[in-house]
Every structure is written in structure tokens, then in C-alpha cells.
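Thanks for making time this morning. I would like to walk you through one fold, from its overall build down to how some of its parts pack.

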Amino acid sequence: MTSDPKKKIPMLDLTQEIDELWPEITEAVHRVLRSGKFILGPEVDAFEHEAAEYLGVKHAIGLNSGTDALVIGLRALGIGPGDEVITTSFSFFATAEAIVLVGATPVFVDIREDSFNIDPDLIEAAVTERTKAILPVHLFGNPAAMTKIMAVARKYGLKVLEDCAQSFGAVYYGDSEGDAEGPDTDLVGLKTGAIGDAAAFSFYPTKNLGAYGDGGMLATNDDEVARLARMLRNHGASPEKRYENQMIGYNSRLDEIQAAILRVKLPRVDEWNEKRRAVAASYTRALEALSLFSPPFETRGHIYHQYTIRVTGDERPRLKRTLDGIGVSSAFFYPKPLSSLLTSGFMSSPTPVAEISARQVLSLPLWKGMNASATSGVLSALIEVAQQVSQ
């Protein structure tokens with residue numbers, strides 16, 4: 001997603017990144033083209049090893065998309081027809097879609113008002129004899145309350161599949177949700193994706209670590225889950241017995257060119273996430289003086305895939321019009337809870353916080369190379385709306 005010529009300040013501008021990396025990217029692409037190896041070759045193998053080392057897991061399996069990573073992750077964990085999967089009511093549609101695609105039933109619980117992540121205190125009440133997994137989402141790059149989530153999972157023997165589509169590089173410090181019992185020392189300092197039984201990542205171009213096309217990955221410490229995922233991504237056949245398909249699988253392979261590009265970007269992801277945090281901090285300092293807006297819940301490990309504020313009252317439409325009027329992009333992530341998008345095949349407790357959030361959240365422009373002029377332009381619009389409301 002590059003600059004919209006109609007917008008002075010886009011949600012995201014990748015042109016600076018592409019210019020910065022151009023020599024390395026072109027060399028990487030040329031390397032693949034010259035090799036004549038385009039599917040499951042040395043670039044995918046190298047990226048999988050480098051990504052696994054970065055995340056601190058045993059296995060990383062390159063896939064076609066983050067959605068496929070969720071589907072394949074669920075299947076590799078043994079989730080299927082008749083099972084229930086507890087998840088958040090506030091996320092991108094793929095979170096629920098993947099559960100339905102494997103034949104299981106999504107069970108939605110509400111979110112925390114501060115972080116927009118699943119409320120861990122509501123999960124246990126949603127557990128039934130059919131519950132087989134919990135699927136937490138580290139929404140907007142902010143780690144979910146994994147201490148409490150893993151405790152419930154251990155108590156009931158449930159699998160945990162982390163949705164890390166927006167959280168590559170985020171770190172769990174045990175205070176993401178203000179855990180009352182304190183952090184689990186075994187989890188503190190782990191990256192998201194290294195905590196549950198498996199984790200799904202997206203490399204969609206807008207992500208903190210993004211390809212220049214579709215891409216995804218499943219991460220796990222479980223050898224059997226990794227073995228099944230590698231089979232499922234390649235029509236249910238093992239790498240050793242290519243034409244002896246043992247299950248119905250998918251054509252979901254990360255291609256060599258995207259893997260080569262991701263290898264160029266991976267060593268920079270921590271530095272880039274720090275730059276995103278700096279932009280977010282400048283926003284937060286300014287917004288703290290404006291009672292109309294609630295800044296995001298700030299934690300040490302947050303990587304701000306999106307900088308999402310809460311606009312109190314019914315002022316979001318006015319703010320959006322003001323931003324549009326001066327050429328500042330903004331977006332609603334997400335305008336409806338997942339239970340409103342699925343017409344059947346799910347279970348849900350009341351989700352009032354998600355419903356209110358869907359009417360109040362607004363994401364502001366943020367990217368790692370965002371300069372002070374762009375940041376000031378966004379803040380000027382926010383101040384203008386705040387002054388209008390107070391008059």
C-alpha cells in the first residue's frame with residue numbers, strides 16, 4: 001500500500017523502504033531468477049531457518065498467506081469438525097474464517113477495553129466438552145494476555161494457536177493486560193509466536209515484516225505439528241514421498257522470490273519496530289492532553305502494526321471527515337465484530353466491549369519512516385476536532 005495521490009498523508013507509505021532496500025532487493029530477486037529454482041528451494045529453506053532462530057522456535061514453515069497459516073495450523077493441531085475454538089470477537093475476518101474452514105465452531109468472547117485483545121478472564125466460562133483450542137490474536141501488534149490464556153489451556157488440555165498476523169517481533173513481558181497474578185516467568189521475554197502450541201504469521205505487504213506479495217508462515221516447537229504442516233502445504237504429501245499423498249492438503253507454498261525479499265528485511269525488523277514505537281510515542285504524548293481520544297494501551301512489547309485510538313462519544317464520523325478534508329488517511333479496523341459478519345455456525349456470549357469498540361476505534365497513519373511533518377499533520381487534525389467539540 002503506497003501513497004494515494006489524493007492523500008497528503010497515507011496510512012502507509014512503502015516507497016521509502018523500497019528505495020532504501022532497492023540494491024539488496026534486486027540482487028535477491030536476480031539471485032532467484034538465475035538459480036532457476038522457484039518453489040521450495042534454498043531461499044525458502046534459509047528464510048525458515050532464519051525466522052525460526054529469530055522467533056526462538058524449532059520450526060518455521062513458509063506458506064502462501066496468513067490465512068493459510070491459520071487453517072493449516074488448526075489442522076496440524078488436530079482441530080476439525082465437531083470441535084469448538086474459543087477466540088476474540090474483534091479481529092480480521094480470517095481469524096474466524098479459518099476455524100469455519102476446518103469444520104470447527106468459533107466461540108467468540110469479548111475483548112478488554114484497554115487493549116482490544118481477548119479478555120482472558122472470560123475464556124474459562126466459554127469452555128465446553130467440545131472445546132479443543134484457544135485462538136488469541138495479538139491485535140494491532142500488542143501481545144495478548146498469554147499468562148492467563150496458557151493457564152486456562154493447561155487446565156483443560158487445550159491447544160493454543162496464536163494469531164500473530166500483526167505482531168511479528170512483538171515481545172511478551174507479562175504485563176500486556178496488567179495480569180493481576182503477575183507474569184509467568186517461563187513466558188516473559190518470549191516473542192509472540194513462541195508461546196502457544198503453534199503460531200500463524202502473515203507477510204502481507206502492509207505488515208511490520210511484509211513481503212512484496214502474499215506470504216505467510218506457521219511457527220511451532222512441536223515436531224509433529226511441523227511435519228503435518230509441511231505435508232498440508234504441499235497437497236498432503238511428505239517431502240520424501242512427493243507423489244504418495246497421505247491426506248487432503250493445499251497448494252500453500254511460500255515462493256522463492258518472496259522468501260528472498262523477506263530475508264533482506266528480516267535483519268532490520270527490530271530496528272523498524274523501534275521506529276514505529278517512536279512515532280507512536282509522539283502520538284501518545286499529544287493525545288494525552290485531548291480528552292476526546294484514548295491512546296492505545298501501551299506495553300513494552302507493543303510493535304504498533306496499527307496505532308488505533310478510541311474516539312469517545314459519537315465523534316468518530318466528524319473526525320474522519322476532518323481528516324479526509326485535509327488529506328489525512330485513517331481507517332476503521334474493524335467496523336463490525338466477527339459475530340456480526342458470520343450469519344451462522346458460531347457461538348457467542350454477549351460482546352458489548354467489542355461492539356462499542358467497533359463504533360469508536362480509528363487507526364491513524366503510521367510507518368517506520370514517517371517524518372515529523374506527517375505526524376504533525378495528523379495531530380493538527382485531531383486537535384481541530386477536539387476544539388470543535390469543546391466549543
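This is a predicted model: local features need pLDDT of at least 70, side-chain atom pairs count only at pLDDT 80 or more; totals for chains, interfaces and linings use all residues.

Residues are numbered from 1 along each chain as its sequence is written, and side-chain values use heavy atoms, with hydrogens and water left out.

The protein chain has twelve helices and eleven strands, where helices (H or I, at least four residues) and strands (E, at least two) are DSSP runs numbered from the N terminus. Its radius of gyration is 21 Å, close to the 21 Å that the globule rule gives for 391 residues, so the chain is as compact as a globular protein of that length; the radius is taken over C-alpha atoms, and the rule is 2.2 Å times the number of residues to the power 0.38.

Eight strands form an open sheet in the order 1-7-6-5-4-2-3-10, with mixed pairing, and two strands pair if DSSP finds at least two bridges between them. Strand 1 (59-63) and strand 10 (347-348) stand at the edges with a single partner strand each, so one side of each has no neighbour in the sheet. Strand 4 (residues 131-135) and strand 5 (residues 159-163) run parallel and are joined by two bridges, and alanine 133 stands opposite lysine 159 in strand 5.

What about helix 2 and helix 7: at what angle do they pack? Helix 2 (residues 42-55) and helix 7 (residues 256-265) pack at about 40°, with their axes 8 Å apart; axes are lines fitted to C-alpha atoms, for helices over the stretch in contact, and angles run from 0 to 180 degrees between N-to-C directions. That makes helix 2 oblique to helix 7, given that angles under 35 degrees count as roughly parallel, over 145 as roughly antiparallel, 65 to 115 as roughly perpendicular and the rest as oblique. Residues in this contact (heavy atoms within 4.5 Å) include Phe47 of helix 2 and Leu262 of helix 7.

Finally, helix 8 (residues 269-287) and helix 12 (residues 372-390) pack at about 25°, with their axes 11 Å apart, and they are therefore roughly parallel to each other. Among the residues making that contact are Tyr283 and Leu287 of helix 8, together with Val378 and Leu382 of helix 12.
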